[in-house]
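Okay, thanks for having me, everyone. I'd like to walk you through a structure today, so let's get it up on the screen.

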Amino acid sequence: LRTKFPQQRAFGVIFDMDGTLIQPCIDFAEMRRRIYDVASEDLGRPVLQGDVIKLFPSLSPSGQAKANEIFAEIEAKAKKDMKIMPGMFELCD
């Protein structure tokens, strides 16, 4: 993400968990669907619900590798599609 801020040492880090500064763009429904598909194939039974992070350790090493690829793809797309909320620079200035 390129900003108008000059390159300098960071004095802090802000985690925007609710979309105040950055427009959220991770498709969690798509992430769950894809992980459930991997888990269903890997575990040999339908997996249609549950926390994907808690499900991860129950997968085989190859299932975990597939899940990691899905997480990486979705995170990369979210970084590419990320948009700054109007007024963010003024708020942080």
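Let me start with a rule: rings of Phe, Tyr and Trp (for Trp, its six-membered ring) make a pair if their centres lie within 6.5 Å, and planes under 30 degrees apart count as stacked, over 60 as edge-to-face and the rest as tilted. By that rule, the count here comes to one aromatic pair. The partners are Phe-56 and Phe-71, and the pair is tilted, with 6.4 Å from centre to centre and 40° between the planes.

Before I go on, some housekeeping. This is a predicted model, so local features need pLDDT of at least 70 and side-chain atom pairs count only at pLDDT 80 or more, while totals for chains, interfaces and linings use all residues. Residues are numbered from 1 along each chain as its sequence is written, and side-chain values use heavy atoms, with hydrogens and water left out.

Back to our pair. When I say helix or strand, I mean DSSP runs, numbered from the N terminus: H or I with at least four residues for helices, E with at least two for strands. Both Phe-56 and Phe-71 are buried. Buried means under 20% relative accessible area, exposed means over 50%, and partly exposed is in between, using a 1.4 Å probe and protein chains only.

Phe-71 also turns up in the nonpolar core. A core here is a set of buried Ala, Val, Leu, Ile, Met, Phe, Trp, Tyr and Cys residues joined through side-chain atoms within 4.5 Å. The largest one has 14 residues, and Met-31, Ile-35, Val-52, Leu-55, Ala-67 and Phe-71 have the most contacts inside it. H1, H2 and H3 each supply at least two residues of this core, and H1 gives the largest share, five residues.

Take Val-52 from that list. Which residues does Val-52 touch, leaving aside neighbours within four places in sequence? They are Met-31, Arg-32, Ile-35, Tyr-36 and Phe-71, where contact means heavy atoms within 4.5 Å. Arg-32 is in helix H1 and is partly exposed, at 37% relative accessible area. Arg-32 and Leu-48 are 16 residues apart in sequence, with 8.7 Å between their C-alpha atoms.

Now for charges. A salt bridge is a side-chain nitrogen of Lys or Arg within 4 Å of a carboxyl oxygen of Asp or Glu. How many salt bridges does a search of the whole structure find? Six.

One of them joins Glu-30 and Arg-33, at 2.8 Å from N to O. Both residues lie in helix H1 (residues 28-43), three residues apart, which is about one turn of the helix. Why does Glu-30 count as partly exposed? Because its relative accessibility is 27%. Arg-33 is partly exposed too, at 42%. Glu-30 and Arg-33 are also linked with Asp-37 in a network of salt bridges.

Over in helix H3, Lys-77 and Asp-81 lie four residues apart, again about one turn of the helix. They form a salt bridge, with the closest N and O atoms 2.5 Å apart. Asp-81 has another one with Lys-80, at 3.2 Å. Lys-77 is partly exposed at 49%, while Lys-80 is exposed at 65%.

Asp-27 lies in the loop between E1 and H1, and counts as partly exposed because its relative accessibility is 44%.

That's my tour. Happy to take questions!
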